[in-house]
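Subject: Structure handover

Hello,

Please find the structure we talked about below. My notes on it follow.

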Amino acid sequence: LSLRYELAAAVRKGAFIAHYQPIIDLTTWRCDAAEALARWQRSDGSHVPPDVFVPLAESFGLMERITDQIVAAVMRDLGDWLRQDPNALIGINLSAADLSTGRILPVLDRALSRSGVNPRQIWLEVTEHGMIDITGAQITLAELHRRGHLIAIDDFGTGYSGLSYLQQLQIDALKIDRSFVKVIGTEAPTRNVTQQIIAMARELNLKIVAEGVETEEQAAYLRSNGVEFAQGWLFSAALPASDFLAFRSSWP
Ligand code: G
Ligand code: G
Ligand code: MN
Ligand code: NA
């Protein structure tokens with residue numbers, strides 16, 4: 001209960017910021033993209049990780065206001081870079097509430113028009129769980145597309161989506177969950193699933209981003225199997241904005 005009050009107070013205060021995990025193009029080795037990951041900054045200086053507060057915020061109806069703060073943080077932190085470099089791209093995670101109500105649409109529109117950032121430079125990551133209200137989600141995704149945003153399915157492979165489900169959704173990219181990257185080069189039975197996911201994405205003409213890439217061997221395997229993008233500790237953990245910009249300018 002006390003965490004609930006603390007969370008509500010944090011939402012009111014605007015205590016949510018974004019860290020940025022670099023995304024590397026495996027063919028050019030360039031870093032023109034990142035995923036924004038929410039961080040709750042508590043007054044004692046500690047950070048509550050999103051896997052703790054996202055489910056809580058969702059159950060208390062607070063997640064949309066956190067998404068708003070992440071959108072604002074991205075524009076504040078990276079607006080200059082996004083305006084100056086038309087190749088620069090940022091991924092923002094959407095929750096079930098964002099997709100269901102569509103309230104994210106005017107929020108993004110306002111933030112982008114104020115900062116002069118092209119909607120094509122912002123992609124949205126959605127999970128299968130986020131599309132629980134499938135009708136609401138389809139409408140919101142169509143509107144996001146109409147504006148030029150790209151859509152990526154996050155944590156792919158952990159839910160039940162098959163090919164036909166994906167075809168209905170008009171998505172642009174698929175993020176391979178890190179559990180399917182971890183098994184590359186091992187004897188784990190799910191290693192074949194990784195190959196099937198890649199084949200499915202190719203079949204549907206989707207861009208692929210691999211998550212949780214930790215070793216050179218994984219990166220080489222992904223690259224040789226046609227995966228274009230990767231993020232993970234091999235390259236960098238999620239970084240505060242200024243560290244991300246510094247990482248970029250010194251990369252590779
Ligand atoms: O920061 P970390 O990599 O630990 O993130 C844990 C999980 O929380 C990830 O699966 C990520 O997708 C999710 N997450 C991070 N930031 C956000 C956000 O702003 N909104 C939503 N809905 N999920 C987020
Ligand atoms: O939203 P998403 O499912 O991408 O969440 C990212 C989560 O993955 C965060 O908890 C982050 O700390 C973690 N993460 C990011 N890169 C790596 C990695 O290379 N290996 C592992 N094990 N975890 C990672
Ligand atoms: Mn994500
Ligand atoms: Na993910």
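**Overall shape and confidence**

With 252 residues, a compact globule would have a radius of gyration near 18 Å; the protein has 18 Å, so the two agree. That radius is taken over C-alpha atoms, and the globule rule is 2.2 Å times the number of residues to the power 0.38. Along the principal axes, the C-alpha atoms fill a box of roughly 45 × 45 × 35 Å.

This is a predicted model, in which local features need pLDDT of at least 70, side-chain atom pairs count only at pLDDT 80 or more, and totals for chains, interfaces and linings use all residues. Residues are numbered from 1 along each chain as its sequence is written, while chains are lettered from A and ligands numbered from 1 in the order in which they are written.

The mean pLDDT of the protein is 94, and 99% of its residues reach 70 or more. (pLDDT is the predictor's confidence in each residue, from 0 to 100.) For the complex, the predictor gives an ipTM of 0.93 and a pTM of 0.96.

**Fold**

The protein has 11 helices and 9 strands. Both are DSSP runs, numbered from the N terminus: helices are H or I with at least four residues, strands are E with at least two. Buried residues make up 39% of the 252. Buried means 20 or more other C-beta atoms within 10 Å of the residue's own; exposed means 12 or fewer; partly exposed is in between; C-beta atoms are placed from the backbone.

Among contacts between residues at least 6 apart in sequence, 65% join residues at least 24 apart. A contact here means two C-beta atoms, placed from the backbone, within 7 Å.

**Strands**

Two strands pair if DSSP finds at least two bridges between them.

- Strand 1 (16-25) is mostly covered, with 9 of its 10 residues buried.
- Strands 1 and 2 pair in the antiparallel sense over 8 bridges. I17 stands opposite R39 there.
- Strand 1 also runs antiparallel to strand 9 (residues 229-230), joined by 2 bridges. D25 stands opposite F229.
- Strand 2 (residues 33-41) runs parallel to strand 4, with 4 bridges. A33 has L89 as its bridge partner.
- Strand 4 pairs with strand 5 (residues 122-126) in the parallel sense, over 4 bridges. I92 has L124 as its bridge partner.

Strand 4 (residues 89-93) has 4 of its 5 residues buried, so it is largely enclosed by the rest of the structure.

A36 is found in strand 2. Is A36 buried or exposed? A36 is buried, because 25 other C-beta atoms lie within 10 Å. Not counting residues up to four places away in sequence, A36 touches A18, Y20, I70, V74, I90, G91 and I92. The C-alpha atoms of A36 and Q167 are separated by 26 Å, and the two residues are 131 apart along the chain.

**Ligand surroundings**

A residue is near a molecule if its C-beta atom, placed from the backbone, lies within 6 Å of it. For class, Ala, Val, Leu, Ile, Met, Phe, Trp, Tyr, Cys and Pro count as nonpolar, Asp, Glu, Lys and Arg as charged, and the others, Gly among them, as polar.

Around ligand 2 are D154, D155, R178, E211, G212, V213, E214, G232 and W233. This shell divides into 2 nonpolar, 2 polar and 5 charged residues.

**Backbone points to check**

- W29 has phi near 65°, a positive value in a residue other than glycine. W29 lies in the loop between strand 1 and strand 2. With 10 C-beta neighbours inside 10 Å, W29 counts as exposed.
- N205 also has a positive phi, near 65°, and is not glycine. N205 lies in the loop between helix 9 (191-203) and strand 8 (207-210). With 7 C-beta neighbours inside 10 Å, N205 counts as exposed.
- The peptide bond from W251 to P252 is cis, with omega near 0°. P252 is found in the segment after helix 11 (241-250).

Best regards
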